[in-house]
Amino acid sequence: MAHNTDGFFGLNEALLSSALAAVVFSLLSAQPLTVVGITGLISLFNYTIFHIMQLHDISLYPSFMVWVGIWSAIFHWLTALFNICDFMRTVTDFSSETFALYVGTIYIIKGVEELAINFYDNTIVNGFASALVAVLYTLTVYLLEKIGTTCLFNTTTRKLLSDYAYPIATIFWTGFSHFPGNLADVNFIRLPTTKAFLPTVSRSWVVSFWDLPIKWIFVAAPFGFLMTLLFYYDHNVSSLTAQARRFPLKKPAGFHWDFFLLGWTCLVAGILNIPLPNGLVPQAPVHTDSLTNYEDAVQELKTDDGDVIIRKDTAATSVVEQRLSHFIMALAIIGTMTGPLLIILGLIPRAVFSGVFFIVGWGSIEGNGIVEKIIFLCREPRFQSPSDPLLTIKRSTIAHYLFWQLLGWACTVAISQTIAVIGFPVLIVALIPLRWVLMPRLFARRDLQVLDRLTATNEVVLVSLGGKPEMPEEKREKMRRLRRVEEGVEGDGADVRGSMAGEKSD
């Protein structure tokens, strides 16, 4: 973001925005497990507006971004006031998987773009050395996190190595870049820093945004609406994944209040001319996962030969639902804005951040439902698990369903590589009505029940969103049955009407 905005949004702006959001949401939100900060998508949004303003008058950019934040805050408040977050209960894996694949792809693309900077000015040695560090950093974090799923060492050691994979890898590969010998000939590009608690470029935190011409104030309104549209999906999906069905949560959610609170952080961040923060994917579910207590049980399987196979069976038993961990993150981020820690941050090569982009992006791709279905189609049939629900439907149906998901993914990725990227939130949100209007017409109800399901199924989440909605394919099936009853093809229609009325009241 700093590279694409000529340093306007730099390290201190990102740290201050993340600290602001972490303090507010750890202390005041209804869902403090949702980690809030700067996402790759908001970076994309900010520097796209920067490129658009370069076509007109770049000197207006600081004030214009303040008004984008103000308009976005207003739209956030209206969204919360009219309970529009209730529609998040209609989000299914069709759209959330597509969005996660898109986010993962964008992170990897940005990681490659970050690495490309190291090849500027024909610095081939610097570029290849940075690429090597980025790839090895990615592998280090990946392998350390995987240790948590193995039987190596004891439970405490596995958890420590898995939970602290990022700091361990960052410290080692930062130190590696300072090794003497041949590495001393490599001029690693390092993280650019500035003075403590000051903007990256020479400006004040608050600019005279009230002097912006009235025309540009209203031009900022649609940009603020698009920002709200992005946050409506991104932040709320972050909250959904942080409270996913696999986590045994007990405390209820609070989507409307949190989105109202996000409006206030948008307002303050806009006035301070720092990036607007929102929920982080996949960091939010990773945070909940780190607070989840797992129990490992030994499972013994006896073979026909009398041998015993030992397997580890891991189950989530509880989640430590508290505000302290998120608040400690906020204090840590504030600490990194001090002079001594900024000097330490300045020692980190930019290649490490490329590695962060790679591993975060891969985290959204590796376990994605789209990828799993593609692997299912590519796997030799005799090695398929007999209990896999996908075996109950035709392979052509799975391929057809994947086509629509991959089409949505391809469109959002493609538009993100052009200046029209400013409209990508519209495509992302459009995936929801696409699933509810078009897919029931293309697929049978029983097929959709296998291929797709609601993202929000946890009772503590649904209580904040108005309850579980009736799926459109189920409604279509009931209406079809009712018409057949009225035509005399099937039995008594009173039972059908009664069941429909009963489910509506539920």
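The chain of this predicted model has a mean pLDDT (the predictor's confidence in each residue, from 0 to 100) of 88, with 96% of its residues reaching 70 or more. Confidence is highest in helix 3, at 96, and lowest in helix 20 (residues 493-505), at a mean of 50; helices (H or I, at least four residues) and strands (E, at least two) are DSSP runs numbered from the N terminus. Where pLDDT is low, the predicted coordinates should not be read in detail. Because the model is predicted, local features need pLDDT of at least 70 and side-chain atom pairs count only at pLDDT 80 or more, while totals for chains, interfaces and linings use all residues. Residues are numbered from 1 along each chain as its sequence is written, and side-chain values use heavy atoms, with hydrogens and water left out.

Helix 9 (residues 255-271) has 17 residues and reaches 25 Å from its first C-alpha to its last, close to the 24 Å expected at 1.5 Å a residue, the expected span being 1.5 Å times one less than the number of residues. Of these 17 residues, 12 are buried, that is, under 20% relative accessible area with a 1.4 Å probe and protein chains only, where exposed means over 50% and partly exposed lies in between. The buried residues of helix 9 include Phe255, His256, Asp258 and Phe259, and they pack against helix 1 (11-28), helix 3 (61-81), helix 8 (214-242), strand 2 (278-279) and helix 18 (459-462). Just after helix 9, Asn273 takes a positive phi of about 60°.

In helix 13 (residues 350-366), the end C-alpha atoms are 24 Å apart, which agrees with the 24 Å that its 17 residues should span at 1.5 Å a residue. Among its buried residues are Arg350, Phe358 and Ile365.

Terms used: Contact = heavy atoms within 4.5 Å.
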